[in-house]
Amino acid sequence: MTVTSLPHPTTTTQHVPALAEDVILGVDTHKDVHVAAVITTLGASLAHQEFPTTAVGYHQLISWARSFGSLRRAGVECTGSYGVALTRALQREGIDVVEINQPDRATRRKRGKTDAIDADAAARSVLSGRATTTPKSTDGPAADMRVLRLAKESAVKARTQAMNQLKAVLLVLDPALREQLTGLRNPALIATCAGLDDDRSEAAFTMRLLARRVQNLSLEIKELTKRTTKAVRASRPQLLELVGVGPDSAAVLLSAAGDNPDRLTDEASFAALCGVSPVEQSSGKTRRRRLNRGGHRQANAALYRIVQSRIRWDERTQTYLERRTAQGMSRREIIRCLKRYVARELYRHIRPQATTTVAPAA
């Protein structure tokens with residue numbers, strides 16, 4: 001059946017049978033409303049309903065789902081964004097939450113695309129076992145690092161844009177002033193432009209404004225870097241002792257792992273999360289692997305930066321590079337191997353209590 005109005009919390013228990021059977025909840029999340037669907041453990045659809053994204057709405061959603069039976073598992077889309085608050089509410093009620101990816105295109109072509117269909121598909125993904133990912137916790141230091149990184153990236157982008165605009169305005173200045181500023185390095189150029197007399201011309205006023213914007217953004221970036229370093233040292237200080245690992249790269253990798261890294265079963269799962277695990281592509285007599293183009297792309301980029309630093313400064317990595325080059329491997333292939341080894345090494349520091357047997361890192 002289809003419920004067409006929001007249920008009242010005091011009447012949601014009227015459907016509970018004497019011996020409540022298990023039901024599974026699926027939720028398609030959005031900014032303003034969540035669409036929920038309930039199915040039985042045999043796959044029969046029971047109902048679907050919209051709920052507002054408020055504290056009261058979350059309570060109504062859980063009460064409504066429990067009115068059909070015993071609710072122990074739920075599949076939720078976008079547990080790190082639109083569904084983060086709902087995920088917390090479900091977990092506080094003792095309900096196991098599984099993160100759901102969007103349905104594949106073949107399924108959508110067959111069944112169509114509505115919020116109710118997506119919610120039903122989320123529940124069936126939990127039932128079939130296709131979805132098994134535990135959502136990342138979003139209430140610890142890793143979540144704080146993610147927010148700091150978000151602010152820093154936007155500040156760096158804005159500073160680069162302001163610097164490019166300043167140099168573009170420099171081209172249309174009065175020749176005498178342009179000759180005075182041309183040839184200055186960026187720090188001296190910014191300091192000089194910030195002290196220009198804005199009465200000289202509109203171009204001079206614009207350059208002073210852009211220069212001061214660059215200075216303010218630089219102060220923001222410095223403060224954000226300081227706070228990020230402090231957060232990393234408070235969470236995993238041993239990461240910063242590794243060759244090539246700076247506070248930004250460490251923050252990205254810790255954010256990717258989340259505040260509950262125990263959800264990563266082993267170092268291979270962390271490598272897959274970072275997109276550095278080779279993917280099988282074998283068929284018939286052909287046995288081969290291809291590059292993994294999935295995973296957390298910012299974490300993958302952080303591993304690349306670490307590898308590049310080690311190629312330049314780390315003697316172990318330089319020895320490995322020479323040996324593999326002598327064996328006929330290309331530099332690109334060697335970097336892929338090194339990223340996999342670095343992920344293995346970092347996993348032991350991100351989740352130090354994990355007991356896994358691993359080979360030495362390159």
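Contact here means heavy atoms within 4.5 Å, and the views below come from a predicted model.

**Close-up 1. Helix α2 and its covering elements.** Let's start with α2, which spans residues 84-92 and has Val-84, Leu-86, Thr-87, Ala-89 and Leu-90 buried. Strands and a helix contribute to the cover over these buried residues: β1 (22-28), β2 (33-40), β4 (70-77) and β5 (96-100) are included, along with α1 (55-66).

**Close-up 2. Asp-120, a buried residue of helix α4.** Here we visit α4 (residues 115-128), the helix that holds Asp-120. The relative accessibility of Asp-120 is 7%, so this residue counts as buried, the cut-off being under 20%. Its side chain makes a polar contact of 3.0 Å with the side chain of Ser-45. Leaving aside residues up to four places away in sequence, Asp-120 touches Ala-37, Ile-39, Ser-45 and Arg-111.

**Close-up 3. The packing of helices α5 and α9.** Our last stop shows α5 (residues 141-170) against α9 (residues 247-257), with an angle of about 125° and axes 8 Å apart. The two helices, α5 and α9, are therefore oblique to each other, and their crossing is left-handed. On the α5 side you will find Ala-142, Met-145, Arg-146, Arg-149 and Lys-152, which meet Asp-248, Ala-251, Val-252, Leu-254 and Ser-255 of α9.

Key:
Residues are numbered from 1 along each chain as its sequence is written. This is a predicted model: local features need pLDDT of at least 70, side-chain atom pairs count only at pLDDT 80 or more; totals for chains, interfaces and linings use all residues. Side-chain values use heavy atoms; hydrogens and water are left out. Axes are lines fitted to C-alpha atoms, for helices over the stretch in contact, and angles run from 0 to 180 degrees between N-to-C directions. Helices (H or I, at least four residues) and strands (E, at least two) are DSSP runs, numbered from the N terminus. Angles under 35 degrees count as roughly parallel, over 145 as roughly antiparallel, 65 to 115 as roughly perpendicular and the rest as oblique. A crossing is left-handed if the near helix is turned anticlockwise from the far one by less than a right angle, and right-handed if clockwise. Buried means under 20% relative accessible area, exposed over 50%, partly exposed in between (1.4 Å probe, protein chains only). A polar contact is a pair of N or O atoms within 3.5 Å; within protein, one must be able to donate a hydrogen and the other to accept it, and residues adjacent in sequence count only if both atoms are side-chain atoms.
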